[in-house]
Amino acid sequence: MMKITSQLALSQLKLNRKRTMAGISAMALSTALVTAIMCFLTSGNKMLTNFLGPEYGEYGGAYSVILAIPALLLGLLTAAMSVTVISNIFAASANKRMQEFGILKCVGGTGKQIKATVLSESLWLCATGIPLGLILGTLIGYGGVRITGHFISDINELAQGIIMRPFTFSLPFYVSGWTYLSAAVFSFLIVLYSAYRPAKAAGKLTAIQCVKGVGTGADFKEAEVKTGLIPKIFGCEGEIACKNIKRNKNGYKATIRALALGILLLLLTGGLSGQAREFREWMTPDSEEMMVDYCSNYETALNKKTGKREERITVPISADRYNEITEKLSESGTDIYGVGSDSFTYHATLDQNMLTDEMKQVPDIFDENHETKVELITVDDRFYRKLCDRAGAAYGSNLLINSYEYNKKGRYVTITPYRDGVTEITMINAANEKQVFAVGGILDQEDLEEQGFLEMNPYPVRLVVPGIDARSFDWFGTPDDEQAYTEYARKIMDEYYPVTTKDSYVEQGYTVRISRTDIMVKMLNIAIVLAEAVMYGLVILLILMGFTSVISTLATNIRIRSREFAILKSVGMTNGSLRKMIYCESILCIIKALIPGITLGIVIPFAINLSIRKAFPVLYHMPWAMLVTGIVV
């Protein structure tokens, strides 16, 4: 037979259909979010196992973390909002049933039975809300995975045009019994925890408190409200509303928390989205040249003689080789130029007298050995002659690039680093062997119009040195037929650097790519847009869940205050004044929610930006449109 506590809970659910629907809706949305997250997790796991193997290959630990951390963060965020919303609904339900609990205690009911009644109500709601949530979450997950799969297909298509070794990966929609079991158990625990707190509070109330209709959050002390702006703006109704909120803090706490969390999520999403947009704009190149790229792997060790960190290029490309490839690529009928670099062999010891005042103010130029990073740049022979002509230097000279761009607290600043008259720069390697490079000419910023010189993080010392080996080399050109040129370039590179293994960069020591210069950025843009879409979708669902709590709580508070309204009307308060008082309570709740919500919604993305701007010229901008939208909603 069914226990009396379960019977009472079921009868209350049948009598209070609106509150029951609100509870089921909140549980279904909570479960749906958890289920959708689990669908993404299992589908992502399936994609990686299909592509990398059951254990994700050599980097299994890293890929596991990439999957687990976002799922964990999203799960915790969903749990936080769910507990706030569902707990508030049960608290409102318990307050509505105070007199019923008082009667039960008067006829012998115990606090334990009262608590069991509220918990039984949560179990009955789970029986409907969780299955509905699993179905809804599956539909949301299926739609989200299909949309995500579309974006991944675009990335896959672009990647096949970049990587010399073709590969294919896709995101299938995949669920298993564990998907639903995990989502159901997690949602069930959320509901139990949410219901336990108001159930425990209701069980502790005395019979006389219940009979009088005193709620679990009531404060018997006189709520003092200092005369200030509230009475002047809203009148006596606003003053009464303020006292009501102070007297019933717990009753409004969850509503305020839900509203604050909603505004926080909107501002957080808007702030991060703005930073992502600025990052995309900074990454996007102006050029649409085709690029053939060779890059060698490198090994890191400590020099036995000095103990300094030493980096060795695994498969350097020689001057003869890159000049030969340049000539062959030019035979396609496209004007080709090549730019390569070696940033591993040397550091520089700079005399302070060589530096301009602007350069002396740049932070972190020198390392612990008072040396600065160096990039030795090399170009093909024909392009080198053009650079010598621009610098007015003799053929065979080393050309110093007298332009430095660095990130200054989120903004890129371009300066002239060296004074006039620099004739030599002393280089030093990991073995402390010094070599002096004579400077035969200067290249200013206006002399560097080619795409090959545009770097996201340039080194303080950049010197064009002819005829040196390089770690990487890029060939640039603008062919009339990109597809035909790609096939031709692939054939040429296969002759010199064939890609024959699954991971050429690790196993062969080098990699080769052929693409347009803006393709890599397009891939990044697709990934960022995808992340934004997922984030916005999650935020919208969480806010809908929060609205369920707000509407349910405010409606319940009005219903359980019928005695209070009757007393106010008996002393002369009109229906208009009552409405004004309730509106004032709502406005005060909004104001109380906006203060922490806006504060945290600004502080959190700004704090994230403080770490981002150290590496990239990306600043935080106040998302005014999102702020106004959040306040209005």
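**Side-chain contacts in a predicted model**

Good morning, colleagues. I shall begin with Arg419, which is partly exposed, with a relative accessible area of 38%. Please bear in mind throughout that the model is a predicted one.

Arg419 forms a salt bridge with Asp357, and the closest N and O atoms of the two are 3.4 Å apart. Arg419 lies in the loop between β9 (411-415) and β10 (424-428), and Asp357 in helix α11, so this pair ties together parts that are 62 residues apart in sequence.

How many salt bridges are there? The count comes to 10. As a general point, side chains of opposite charge can pair when their charged atoms come close.

In one, Glu311 pairs with Arg309, with the closest N and O atoms 3.1 Å apart. Glu311 counts as partly exposed because its relative accessibility is 21%, whereas Arg309, at 57%, counts as exposed. In the other, Arg312 pairs with Glu310, and here the closest N and O atoms are 3.1 Å apart. Arg312 has a relative accessible area of 42% and is therefore partly exposed. Is Glu310 buried or exposed? At 19% relative accessibility, Glu310 counts as buried, the cut-off being under 20%.

Salt bridges also link Arg390, Glu449 and Glu450 into a network.

I turn now to the aromatic rings. A pair of aromatic rings is described by the distance of the centres and the angle of the planes. In this model, the count comes to 14 aromatic pairs. One of them joins Tyr322 and Phe473, which are stacked, with 4.3 Å from centre to centre and 10° between the planes. What does this pair tie together? Tyr322 belongs to helix α10 (residues 319-330) and Phe473 to strand β14 (residues 472-477), so the pair ties together parts that are 151 residues apart in sequence. Tyr322 and Phe473 are both buried.

Tyr497 lies in the loop between α13 (482-496) and α14 (504-507), while Tyr510 lies in strand β15 (residues 510-516), so the pair ties together parts that are 13 residues apart in sequence. Both Tyr497 and Tyr510 are buried.

Rings also form a cluster: Tyr337, Phe383, Phe453 and Phe476 are linked by ring pairs. A charge and a ring come together at Arg385, which lies over the face of Tyr395, at 4.0 Å from the ring centre.

Next, the surface. Which residues form the nonpolar patch? The patch consists of Leu123, Trp178, Leu181, Val185, Phe188 and Leu189, and together they have about 610 Å² of accessible area. Helix α6 (residues 177-204) gives the most to this patch, with five residues. Trp178 is found in helix α6, and at 65% relative accessibility Trp178 counts as exposed.

With a relative accessible area of 75%, Asp364 is exposed. His370 has its place in the loop between α11 and β6, and although His370 is not a glycine, its phi is positive, at about 60°. His370 counts as exposed because its relative accessibility is 62%.

Arg516 is found in strand β15 and, at 16% relative accessibility, counts as buried. What does Arg516 touch, leaving aside residues up to four places away in sequence? Its contacts are Glu288, Glu289, Met290, Met291, Glu482 and Lys522.

Pro285 has its place in the loop between α9 (249-283) and β1 (290-296). At 18% relative accessibility, Pro285 counts as buried. Not counting residues up to four places away in sequence, Pro285 touches Gln451, Thr517, Asp518 and Val521. Pro285 and Thr517 are 232 residues apart along the chain, and their C-alpha atoms are separated by 7.3 Å.

Thank you for your attention.

Technical notes. Residues numbered from 1 in each chain as written. Predicted model: local features only at pLDDT ≥ 70, side-chain atom pairs only at ≥ 80, totals over all residues. Heavy atoms only, no water. Phe/Tyr/Trp six-rings, centres within 6.5 Å; stacked < 30°, edge-to-face > 60°. Helix = DSSP H or I, 4+ residues; strand = E, 2+ residues; numbered from the N terminus. Buried < 20%, exposed > 50% of the residue type's maximum accessible area, 1.4 Å probe, protein only. Lys NZ or Arg CZ within 6 Å of the ring centre and 35° of its normal. Patch = residues over 30% accessible without salt bridge, like charges linked within 9 Å, V, L, I, M, F, W, Y side chains within 5 Å. Areas by Shrake-Rupley, 256 points an atom, 1.4 Å probe, with all protein chains shown as cover. Salt bridge = Lys/Arg side-chain N within 4 Å of Asp/Glu carboxyl O. Contact = heavy atoms within 4.5 Å.
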